[in-house]
Amino acid sequence: MADTTDRSSHGDYVPDGSEFADQRRAWRESLANDQALRQQAVDLQVAAERHSYTYQWEWAGVPVIRIPDDVMVLQELFWSYRPERVVETGVARGGSMLLNASLMRMCGIEPAVLGIDHKLFPHTTTALAEHPLGGGVTLLEADSTSGDAVDAMRDFIDGAERVVLVLDSNHTHDHVLGELEALAPLLPSGGMVLVADTLVEEFPEGHYQGRPWDRGDNPMTAVNTFLEAHDGFTRAQEWGRRALVTEFRDGILRRR
């Protein structure tokens with residue numbers, strides 16, 4: 001029988017769920033490949049960083065260094081992939097630990113988040129220990145390329161089939177490559193690696209004054225080098241180009 005359902009709103013045709021999914025896939029693909037628009041987004045981020053834009057946000061009352069677009073991407077990725085364990089290097093003030101735990105709870109998964117940082121601040125550990133969403137978060141003070149970090153992650157993810165690894169600490173090429181070499185091989189098949197601040201390669205040279213990373217020496221160059229040497233990993237472009245204003249551009253990997 002012909003579908004006689006009125007599928008219009010304010011004079012516009014309203015696609016059904018299947019049609020809308022197809023439309024969004026096409027929109028996402030066109031967005032991912034629009035280099036001119038991406039450059040405009042980078043220019044916007046450069047201008048916004050004059051006001052320390054990425055440091056202005058909170059998750060459940062705790063400062064979180066995440067771009068809002070990327071929070072939405074994380075929500076979609078967690079809901080789709082449903083990680084049993086999350087490991088993140090770079091704890092900062094702890095907001096991203098709570099974000100990870102919250103997203104796991106949203107997915108109906110008992111939170112299990114390991115945060116690794118070379119220096120844990122008392123205000124961070126206190127905020128996480130006293131927060132109602134802090135359950136399931138474990139912290140380790142160690143260099144994220146060290147044997148201690150490797151051992152801790154190996155023990156933490158033991159038996160898990162779905163694991164997300166977020167690298168967001170020291171952003172030099174050598175350090176990020178060291179993290180990838182040390183930690184990524186511990187992931188199970190299908191495991192995800194999210195490498196933050198690949199956008200450094202797109203920012204103007206010398207933008208990060210006083211920091212040891214810059215164009216040519218940053219997380220993106222480390223990802224490229226790692227992928228050249230490890231064919232067991234590939235870029236997950238459906239996630240790495242999912243957002244427009246993002247610090248994970250082409251930096252989300254999947255273990256084959």
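Colleague: Leaving out residues up to four places away in sequence, which residues does Gln 35 touch?
Modeller: Keep in mind that this is a predicted model. Gln 35 sits in helix 2, which covers residues 35-48. Setting aside residues up to four places away in sequence, its contacts are Arg 241 and Arg 249.

Colleague: Is Gln 35 buried, partly exposed or exposed?
Modeller: Its relative accessibility is 47%. Buried would need under 20% and exposed over 50%. Gln 35 therefore counts as partly exposed.

Colleague: What about Asp 250, buried or exposed?
Modeller: Asp 250 is in the loop between helix 9 (237-240) and strand 11 (252-255). The cut-off for buried is under 20%. Asp 250 has 12% relative accessibility, so it counts as buried.

Colleague: Which side chain makes a polar contact with the side chain of Asp 250?
Modeller: Not counting residues up to four places away in sequence, Asp 250 touches Met 220, Val 223, Arg 235, Gln 237, Gly 240 and Arg 241. One of these also turns up among the contacts of Gln 35. At 2.8 Å, the side-chain partner in the polar contact is that of Arg 241.

Colleague: Zooming out, what radius of gyration does the protein chain have, against that of a compact globule?
Modeller: The chain folds into nine helices and 11 strands, and its C-alpha trace spans about 65 × 40 × 40 Å along the principal axes. For 256 residues, a compact globule would come out near 18 Å. The chain agrees with that, at 19 Å.

Colleague: How far apart are the mean positions of the positive and negative charges?
Modeller: The protein chain carries 23 positive and 41 negative charges. Their mean positions are separated by 3 Å.

How values were computed: Residues numbered from 1 in each chain as written. Predicted model: local features only at pLDDT ≥ 70, side-chain atom pairs only at ≥ 80, totals over all residues. Heavy atoms only, no water. Helix = DSSP H or I, 4+ residues; strand = E, 2+ residues; numbered from the N terminus. Buried < 20%, exposed > 50% of the residue type's maximum accessible area, 1.4 Å probe, protein only. Contact = heavy atoms within 4.5 Å. Polar contact = N/O pair within 3.5 Å; in protein donor to acceptor, adjacent residues only side chain to side chain. Rg over C-alpha atoms; globule rule 2.2 N^0.38 Å. Lys, Arg positive; Asp, Glu negative; His and termini not counted. Charge placed at Lys NZ, Arg CZ, Asp CG, Glu CD.
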